[in-house]
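Please consult the sequence and structure shown here alongside the text.

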Amino acid sequence: TEIIKAFGGDVNKETFELSKEYFFWISLGIPFYMFAQGVNPIIRSNGKPEKALFVLLSGAIANIILDPIFIFVFKMGMMGAAVATVAGQIISALLSIIFTIKMKTMSLDRSSFVIKWNKTKRILSLGFSSFLTQISVVLSMAAVLNMLKIYGAKDPVFSLPLYAHIPVAVVGIVMKLFQIVISMSIGLAAGSIPIVAYNNGAGKKERVIEIMKKLMFIELLLGLISSTILISGKDILIQIFGGNGESEYYRAFAEKAITYFLSLLILSTFNKGATIFLQATGDAKSASVLSLIREIVMGVGLPIILSRLFGLEGLLWFMPIGDLITAFFSVYYLRQTKRRIGMKDIALI
């Protein structure tokens, strides 16, 4: 209950009850989700990226197929949506076990499960920026959704019980769209990690810089294309996510949220790519600092400050402003990386 309240799920009684129902069932899938996500990079690093992709896609496709079946055919409602998600996670976990057992380049025995502290420290230091990013996203969503609840209650329209759910519902959907694009950005950057690490370790500094330049270009291109498609197609997106059955206030707020939130996706993907690239070069400190700046300072601090200054309108600007400021730090750390590996004669950006 307290967790749901922390994320603004108690904006009204109906939302709160649906949130409790979904939260209970989705919690059952956490062990399966964590296992599949943890093993997936191992399968990919074993030289089988197609199998790693198959594991994730199988769970996602199963979720998509089972959602309408459980929700509409079996009349399970919110519980059906959660159970479909958990079913997809179980499928991914089972496939992960099968592919792990069948790995040929490495085998598991009892010694594989003994913790080696010298290696563990290195793994934790390199993984800390990813952990920081993930936990920060949760904190950022909590801050945003709570500010929406607080300042929505002060709005002349959204303070009315009939429309109270609109800000939280709309921003929740838009942030999901944002996460879809960021997931693609992470996939591109994560795919370069073994290549960057290998060339960096082999002393092939020119290749490391070349990979960085190509990765940053692709990240920028992804952000630009995604932003153009999502903003130009916002009317279709609003219809897909239930806008037809909602009031004019829902549509108006959704149009603003999509336009403001996603206007600088080009920098969102650039920043994400920069963070993962720094991590791939072994610069855990810079990667962690960059994650801290974007996800905590900009992701938590900005929503609180902007909402207090400008209300709901200001809150919708936190994403592009945060990415703009973070981009300066990203460029700085990438330039530092170029100097660190001794490539002074090659232009970075």
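Leaving aside its neighbours within four places in sequence, which residues is Leu148 in contact with? They are Pro167, Val168, Val171, Phe253, Leu312 and Leu315, where contact means heavy atoms within 4.5 Å. The model is predicted: local features need pLDDT of at least 70, side-chain atom pairs count only at pLDDT 80 or more, and totals for chains, interfaces and linings use all residues. Residues are numbered from 1 along each chain as its sequence is written, and side-chain values use heavy atoms, with hydrogens and water left out.

**Nonpolar cores**

- A nonpolar core is a set of buried Ala, Val, Leu, Ile, Met, Phe, Trp, Tyr and Cys residues joined through side-chain atoms within 4.5 Å; buried means under 20% relative accessible area, exposed over 50% and partly exposed in between, with a 1.4 Å probe and protein chains only.
- The largest nonpolar core has 39 residues, of which Leu148, Val170, Val171, Phe253, Phe261 and Leu262 touch the most other members.
- At least two residues of this core come from each of α6 (117-152), α7, α8 (205-232), α9, α10, α12 (284-315) and α13 (318-340); helices here are DSSP runs (H or I, at least four residues), numbered from the N terminus.
- Helix α7 gives the largest share of this core, 10 residues.
- Another core, of 19 residues, lies apart from it and includes Ile209, Ile276, Leu290 and Ile341.

**Cavity**

- On a 1 Å grid over the protein atoms alone, a cavity is a set of points where a 1.4 Å probe fits but cannot get out, and lining residues have an atom within 4 Å of a point.
- The count is 1 cavity of 30 Å³ or more, and the largest cavity has a volume of about 70 Å³, taken as the space filled by probe spheres set on the points.
- Its lining consists of Val170, Ile173, Val174, Leu177, Leu237, Ile238, Phe241, Tyr250, Ala254 and Ile258.
- Two or more lining residues come from each of α7 (166-201), α9 (234-240) and α10 (248-261), and α7 contributes the largest share, 4 residues.

**Helix α10**

- The buried residues of α10 are Tyr250, Phe253, Ala254, Ala257, Ile258, Tyr260 and Phe261.
- At 1.5 Å a residue, the 14 residues of α10 should span 20 Å, which agrees with the 20 Å between its end C-alpha atoms; the expected span is 1.5 Å times one less than the number of residues.

**Asn199**

- Asn199 is in helix α7 and counts as buried because its relative accessibility is 5%.
- Not counting residues up to four places away in sequence, Asn199 touches Lys204, Arg207, Val208 and Ile211.

Methods:
On a 1 Å grid over the protein atoms alone, a cavity is a set of points where a 1.4 Å probe fits but cannot get out, and a pocket is an open set with protein on both sides within 12 Å along at least five of seven lines; lining residues have an atom within 4 Å of a point.
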